[in-house]
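Please look at the sequence and the structure first.

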Amino acid sequence: MIDPIDHLFRRESGRIAATVARIFGVRNLALAEDVVQEAFCRALEVWSFRGVPRNPSAWLMATAKNCALDVLRRERTARSFAALGDALQSEWTLAPALEELFEPQAIRDDLLRMMFSCCHPRLHETAQVALILHILCGFSVAEVASAFVSGHAAIEKRLTRAKKVLAKSPALFDLSAPTDFSRRLPAVQRALYLLFNEGYHGAAPDAAVHTDLCGEARRLAGVLLEHPFGATPATFALAALMSLNSARLPARLDSAGNLVALAGQDRASWDQELVAEGLGLLGLSASGTEISAYHIEAAIASVHAAAARTEDIDWRAIVSLYDQLMRMAPSPIVALNRAIAIAQADGPERGLAEVHAAVDGQRLSTYPFYPAALGEFELRLGRSAAAREHFRAARALTRSQMERRFIDQRLRACDGGGELRTGSER
Amino acid sequence: MSEFVFLYRGGDRPESPELMQQVLQKWMAWFNTLTEKGHVVARGQPLERSGKVVNNGKTVTDGPFAEAKDVVGGYSLINARDISEAAELAKGCPILERGGRVEVRPVMKFDM
């Protein structure tokens, strides 16, 4: 029996796709995808009847190798496969050459190589993330679309375009050159960060999607950490912030599937194992002189984790971390979260003043948690009419049932119903 | 008790690895339930989609090229009280959720 939460198929599909793409050449990406599809269909059919083999990963890779061999026999005259060279000429040389290309030593870095290739500088960040989900996490077009809360056709177009860019590059990314590696690394970190955020803050209505995306981002960050060039302080910090924030995922929804504001979260349901892992990673991230925005975000998450009760959160520490983040990576969202932290530390009046002084509301005009934060401040100041107006504006911007229910609950609080909850940071 | 062959026909292939794993888990759960209740004589085997057909006159051709919805993808040997119980058991087969069908055929009985 396979553990359903283990996502074995999803995990293995990325590894196999990356390996077959290396062997077929990035130009033949579509053929490589066919091989992956075929190998997993066979696994589904055979395992349904005979049960899961003792080493499912090896079984899948061996099946992919056989499927690849079939494709090469069929296509060898019509296409070129640089990795196989002259071996394609005869049946005698083809199989052993393929065997060698599938050796454990050869496939070791395939996943990472494909991850770097997906972060091609000619691709927009959102396209990079979509491509990573599709190729390395085995998400179908429909699954990518639901992760991004986007239309099927739009995602299909984005993926097709992205694959074309990828297929036009002369070869997959070369991991052995340290300069190229460190030049591309920030883009890779950024893509994984965005993937994680899509899971953590995204609008997908299904809670399972959030957990899945965060889990995939953490898994890929782990792959990055396994490589000597990849294990930089910034990568450790990135992995730390993923673990620390993931620890909060179970507490973000109550038993009825409703979004719970930070202050109302049951801290007992935080995943302590992930907290410990995150703190360990944060420790490892402090090894150099480099401080990235990921360091700051992980530190903020660790302050939250350090508090035994909501009342114990050290908001002043959080404010000063947000000050630092504003200097390093300013954005309207960071400014808003900073204002929320100031409201917690010094009262809603100061928070409100900070929003007016520092947050570019224009750029947050579609973000429901911007008016929601204003509503929260007004509510705490006892101005329920103004609060209600902000929450109504927020409600009009909500992107899912879950967000709507959350805002409705805040609207009821304006009428004196529901307990008072402070802060709208999630 | 009588024996029945289940022929699994057609059924869409799931489009992502995640969905495939879910379908696989349903098949394993279904077979496990049947096994626990003593209905499974043999789980049987999956079949390749096509092979060769030997025709009268001993000519050998590729095939059979049935329509996708008719292709037999596998078979099992099942124990049941009678055909209606066998059909009832087949209703739990995950292939039905993917547009496929189960053909339930009694193994011919004869008394010597």
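The model is predicted: local features need pLDDT of at least 70 and side-chain atom pairs count only at pLDDT 80 or more, while totals for chains, interfaces and linings use all residues. Residues are numbered from 1 along each chain as its sequence is written, and chains are lettered from A and ligands numbered from 1 in the order in which they are written.

**Chain B overall**

- Chain B holds 2 helices and 6 strands, where helices (H or I, at least four residues) and strands (E, at least two) are DSSP runs numbered from the N terminus.
- Their order from the N terminus is β-α-β-β-β-β-α-β.
- The C-alpha atoms of chain B fill a box of roughly 50 × 45 × 20 Å along the principal axes.
- Of the 112 residues in chain B, 24% are buried (20 or more other C-beta atoms within 10 Å of the residue's own; exposed means 12 or fewer, partly exposed in between; C-beta atoms are placed from the backbone).

**Backbone exceptions**

- Most residues other than glycine have a negative phi, and most peptide bonds are trans.
- Gly63(B) and Pro64(B) are joined by a cis peptide bond with omega about -5°; Pro64(B) sits in the loop between strand E4 (60–63) and strand E5 (72–80).
- Lys58(B), not a glycine, has a positive phi of about 60° and lies in the loop between strand E3 (51–54) and E4.
- Lys58(B) is exposed, with 6 other C-beta atoms within 10 Å.
- Val149(A) has a positive phi near 45°, in the loop between helix H8 (141–147) and helix H9 (152–168) of chain A.
- Val149(A) is partly exposed, with 14 other C-beta atoms within 10 Å.
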